[in-house]
Amino acid sequence: MDKVDVVVIGAGAAGMMCAIEAGKRGRTVLVVDHAHVAGEKIRISGGGRCNFTNTRTAPEAFLSKNPRFAISALRRYRPQDFIALMGRHNIAWHEKTLGQLFCDDSARQIIDMLLNEMRRAGVTLRLGVKAEAIEKTADGFTLSVGGAPVACASLVIATGGKSIPKMGATGFGYDIATRFGLKVVETRPALVPLTFEIGLLERLSAVTGVAVDVRVSAENRARFEEAMLFTHRGLSGPAVLQISSYWREGQAITVDMAPGLDFFDVLRRHRTETARLPLQGVLAQYLPRRLAQHIADTEGAAGNVADAGDKLLRRIADAVNRWTVKPVGSEGYRTAEVTLGGVDTDDLDQRTLMAKAAPGLHFIGEVVDVTGWLGGYNFQWAWASGWCAGQAV
Ligand code: FDA
């Protein structure tokens with residue numbers, strides 16, 4: 001039987017980072033992935049440029065049953081640490097917005113960097129093979145890797161969440177957690193477009209494809225100010241992906257399409273200052289033209305602003321500042337960027353990511369119940385949790 005110190009299952013962001021760190025500490029490390037290439041989610045992330053971290057990383061940007069759990073790992077491995085690693089590999093990057101860092105060139109550079117680091121640290125990578133028959137032994141674990149038995153002292157589960165099953169996402173990590181007696185916080189798609197019922201979609205058909213900067217809020221008061229996109233299924237865009245992590249079935253979301261403006265005041269000002277403008281023309285000064293037309297049509301705002309009474313102006317202002325709408329669902333794991341929930345942090349040590357009840361067994365990355373906002377936070381969690389486990393295995 002082959003013997004190694006560490007087996008990492010999953011050659012994604014977290015698994016590769018963990019393997020590098022363990023290898024650098026002189027451990028013999030085997031990384032196993034059933035996919036034929038490593039780091040596929042890195043490759044497709046950030047539109048091919050990978051939003052690899054966020055300089056505003058703070059515990060508030062993460063959802064978890066225990067919001068304090070991630071603090072330790074996020075403090076020990078910071079965005080600056082990953083930026084320094086990129087610097088050593090001469091990978092150029094830029095900030096796009098809101099602290100979000102992207103590669104100038106291609107996400108492929110990050111995958112190559114991680115593969116190079118693994119090689120340098122003496123890590124063995126086996127792709128296109130299955131890890132099965134995991135058993136606990138007196139001094140570690142045994143498993144079957146591509147049909148051959150392997151023994152290890154530490155086993156790291158880095159198999160990610162359920163999003164994009166087409167790319168090899170499975171519930172594997174949750175099954176292992178359950179088998180070893182760990183709890184799993186209910187999982188659901190997150191950072192995902194929200195969908196509307198057919199009648200509402202028909203009423204909104206005139207604005208399909210329109211993007212607008214909004215402030216969107218959920219019933220639990222979570223709020224995000226970013227772009228929103230009307231789609232032929234419902235709503236998407238960064239603001240909506242963000243709020244999807246907080247929204248639950250049966251709840252409404254409220255959208256302010258002119259954040260920072262009291263639109264009732266705006267309309268009343270126009271009534272005195274630009275009296276002969278049609279209402280739709282006033283709306284179009286603040287909103288995309290098709291959206292302005294849609295709101296004017298829906299609210300029956302046909303005439304000039306001068307002829308509009310306060311009641312009509314209030315209705316239009318509410319449609320702009322407080323559009324409240326009930327999605328019926330989300331596009332699900334097919335398009336979700338991440339999975340909310342996962343291995344219960346109560347059952348893990350926050351410094352080493354090791355299962356309290358199964359010494360030697362670690363869970364890192366997205367499989368854990370720690371989910372970041374959109375904007376590089378999820379990769380930062382993958383790097384940080386992988387790095388921490390890499391110091392301990
Ligand atoms: P990850 O999913 O990366 O890796 C898990 C690995 O385990 C995979 O290689 C998989 O094949 C393997 N595996 C699964 N089951 C297995 C089994 N049974 N046996 C063996 N191997 C198995 N985040 C961010 O911060 N910035 C961004 O720009 C983006 N963009 C983005 C775009 C899209 C389209 C998606 C879907 C997601 C993002 N994300 C993101 C989220 C980010 O990709 C995600 O949080 C991390 O990849 C999670 O890293 P992990 O290593 O935990 O899992």
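Aspartate 344 is buried, with a relative accessible area of 3%, where buried means under 20% relative accessible area, exposed over 50%, and partly exposed in between, using a 1.4 Å probe and protein chains only. This is a predicted model, in which local features need pLDDT of at least 70 and side-chain atom pairs count only at pLDDT 80 or more, while totals for chains, interfaces and linings use all residues. Residues are numbered from 1 along each chain as its sequence is written, and side-chain values use heavy atoms, with hydrogens and water left out.

Back to aspartate 344, then, which forms a salt bridge with lysine 65, the closest N and O atoms being 2.7 Å apart; a salt bridge here is a side-chain nitrogen of Lys or Arg within 4 Å of a carboxyl oxygen of Asp or Glu. Aspartate 344 sits in the loop between strand 19 (338–343) and strand 20 (361–363), and lysine 65 in the loop between strand 4 (62–63) and helix 3 (71–76), so the pair ties together parts that are 279 residues apart in sequence. Helices (H or I, at least four residues) and strands (E, at least two) are DSSP runs, numbered from the N terminus. Lysine 65, at 47% relative accessibility, counts as partly exposed, and a network of salt bridges links Lys65, Asp344 and Asp346.

Glutamate 299 is buried at a relative accessible area of 17%, whereas arginine 315 is partly exposed at 41%. The other joins arginine 269 to glutamate 273, with a closest N to O distance of 3.8 Å; these two are four residues apart in helix 9 (residues 263–273), which means that about one helical turn separates them. Arginine 269 is partly exposed, with a relative accessible area of 37%, and glutamate 273, at 56%, counts as exposed.

Staying with helix 11 (residues 289–298) for a moment, Leu291, Ala292, His294, Ile295 and Ala296 are buried there. Their cover includes helix 7 (198–203), strand 13 (211–218), strand 14 (223–230), helix 10 (279–284) and helix 12 (310–321). Just after helix 11, glycine 300 takes a positive phi of about 65°.

Now to the domains. The assignment, whose bounds come from an automatic or database source, gives domain 1 (2–188 + 340–392) and domain 2 (193–331), and the centres of domain 1 and domain 2, taken over C-alpha atoms, are separated by 40 Å. Seven residues of domain 1 are in contact with ten residues of domain 2, contact meaning heavy atoms within 4.5 Å.

How much area is buried between domain 1 and domain 2? The value is about 750 Å², of which carbon and sulfur atoms give 54%, buried area being the accessible area (1.4 Å probe) that two parts lose on being put together, summed over both. In domain 1, Arg188, Trp373 and Leu374 lose the most area to domain 2, together 63% of what that side buries.

Across this interface the rule finds one salt bridge. Arginine 188 lies in strand 11 (residues 184–190) and counts as buried at 17% relative accessibility; its side chain meets that of glutamate 249 in a salt bridge (3.0 Å, N to O). Leaving aside neighbours within four places in sequence, arginine 188 is in contact with Trp247, Arg248, Glu249, Tyr333, Val338, Thr339 and Leu340.

I will finish with tryptophan 383, which lies in helix 13 (residues 377–392) and, at 0% relative accessibility, counts as buried. Not counting residues up to four places away in sequence, tryptophan 383 touches Ala13, Met17, Ile42, Phe52, Tyr77, Phe82, Ile110 and Leu114. The C-alpha atoms of tryptophan 383 and methionine 86, which are 297 residues apart along the chain, are separated by 13 Å.
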